[in-house]
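Let's take a walk through a protein model together. Keep the picture in view and follow along from one stop to the next.

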Amino acid sequence: MSRSVLTVLASLLAATTAHAQDMRMITGEVMMRERMALPDSAELVVEARGFRNALLATHSDESNGRQVPWPFELAIPQGVAAKLTAAIRIDGANRFVSEPVMIAAGNNDADIGDIMLTAFTPAAFSSTFMCGNIRLQVGFQGEEAVVETDQRIYHLAPAISADGAKYQSEDGRNVFWSKGDSALVTLDGEDLPDCVMMPAEAEKAWSAQGNEPGWRAVITGDRFGLDMNYGEDRLDLRLPEPEVVDGAYRYGFDQYALAFTVRAGICQDDMSGRLFPQSVELETATGTLKGCGGNTLDLLTGQQWSVDKIDGEPLEDVDRPAFEISQDGQIFGTAGCNRFTGAFAVNGEGRVAIGPLAATRMACDEAMMKLEQTFLDALGTVDGFDVSIDGALQLTSGGDAVIRASH
């Protein structure tokens with residue numbers, strides 16, 4: 001039996017419920033920017049992971065003389081989204097790695113095309129810096145500073161400095177100048193906003209809750225905490241590997257006659273009305289309780305929203321306002337002519353607060369400036385949001401949609 005067939009079988013076994021869930025095939029091929037011949041011992045490893053990093057499938061294949069483009073295929077459960085990563089390993093170490101590729105939930109086979117791998121450089125003492133809205137990963141390898149963005153990796157040599165630790169490229173177009181918990185950074189000749197070191201990120205807890213009777217579940221690392229009857233009964237259990245059943249993740253606690261199921265899809269809390277990205281079910285010995293889970297901001301972040309309508313009036317395609325919302329509570333983008341930024345918050349009842357807003361002051365033609373002011377005025381009235389069946393975002397004021405945006 002060929003290694004390729006074996007790896008397909010392995011991916012079926014690696015999926016948490018190959019026996020209970022229909023599968024779909026994901027195919028593609030990896031590419032490399034570097035022009036080099038891979039040794040026969042090189043190995044391609046592809047992984048697909050889902051909710052809370054659950055392993056859905058894995059594929060591995062030795063080169064045996066094969067070069068890029070290097071095709072792969074693996075089977076994942078139908079109905080769930082996945083994050084796919086690929087790496088080429090040489091002598092047991094990652095040498096080339098990809099950025100994560102998001103695979104939308106669905107039932108059909110999918111060909112995701114080419115995945116570009118870049119050289120992997122491990123860096124010790126890695127830290128994260130935020131430079132405005134730009135995230136940098138900064139570490140040190142030998143005497144060099146290694147600065148990594150979403151697009152590329154910069155290797156900078158030490159430079160003479162009487163204040164802080166300074167590293168730069170030979171042509172001076174790339175500079176990392178550390179000043180303790182802050183830094184000045186120039187990349188490709190462009191000065192970035194002042195950079196601030198972010199605290200080390202612990203794995204974020206995920207929570208869900210339901211009503212009547214009130215209950216709350218929290219997943220942190222490999223632990224599952226459950227408060228029942230408004231906190232009167234509590235359990236702290238080791239989190240088992242999930243099964244994927246009909247597009248949902250099911251965690252079974254047989255010794256306690258409990259099961260906890262998480263399904264992706266917008267869920268509205270039946271008391272507060274707040275929207276959440278997942279619906280959940282808690283099966284107990286006496287019945288099944290329903291609730292909602294996840295972080296509300298996940299419904300809004302990770303993509304750019306292009307404004308389609310303001311106060312019900314459709315906008316032309318040219319120079320539409322566009323914005324993004326970040327997990328740390330910021331809204332930013334272009335109002336059409338000028339850039340803007342401000343605070344964005346969702347409270348426990350699902351109400352939205354935006355502002356204060358700040359914008360640049362560049363002058364444009366009269367029509368554009370009028371549209372810009374209309375957009376900013378509407379944004380300032382927003383107190384809620386909804387997501388329509390087609391995925392459009394509606395920012396609301398007093399229950400009425402004042403801004404409609406799509407991605």
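T186 is a buried residue, with a relative accessible area of 14%. Please keep in mind that what you are looking at is a predicted model. To find T186, look along strand β15, which covers residues 182–187. The side chain of T186 makes a polar contact with the side chain of D191, at 2.6 Å. Leaving out residues up to four places away in sequence, T186 touches R173, N174, V175 and D191.

Now move on to P277, which sits in strand β25 (residues 275–284). Is P277 buried or exposed? P277 counts as buried because its relative accessibility is 12%, and buried means under 20%. Although P277 and G293 are 16 residues apart along the chain, their C-alpha atoms are separated by 6.7 Å. If you set aside neighbours within four places in sequence, the contacts of P277 include R263, A264, I266, G293, N295 and L299.

In soluble globular proteins, nonpolar side chains tend to be buried together. Here, the largest nonpolar core has 46 residues, and I88, W215, F224 and F260 touch the most other members. Strand β5 (residues 82–90) gives this core its largest share, five residues. Apart from this core lies another one, of 29 residues, with L275, F323, I354 and L393 among them.

Beyond its neighbours within four places in sequence, F260 is in contact with several residues, including W206, W215, F224, Y249, R250, V280 and E281.

Key:
Residues are numbered from 1 along each chain as its sequence is written. This is a predicted model: local features need pLDDT of at least 70, side-chain atom pairs count only at pLDDT 80 or more; totals for chains, interfaces and linings use all residues. Side-chain values use heavy atoms; hydrogens and water are left out. A nonpolar core is a set of buried Ala, Val, Leu, Ile, Met, Phe, Trp, Tyr and Cys residues joined through side-chain atoms within 4.5 Å. Buried means under 20% relative accessible area, exposed over 50%, partly exposed in between (1.4 Å probe, protein chains only). Helices (H or I, at least four residues) and strands (E, at least two) are DSSP runs, numbered from the N terminus. Contact means heavy atoms within 4.5 Å. A polar contact is a pair of N or O atoms within 3.5 Å; within protein, one must be able to donate a hydrogen and the other to accept it, and residues adjacent in sequence count only if both atoms are side-chain atoms.
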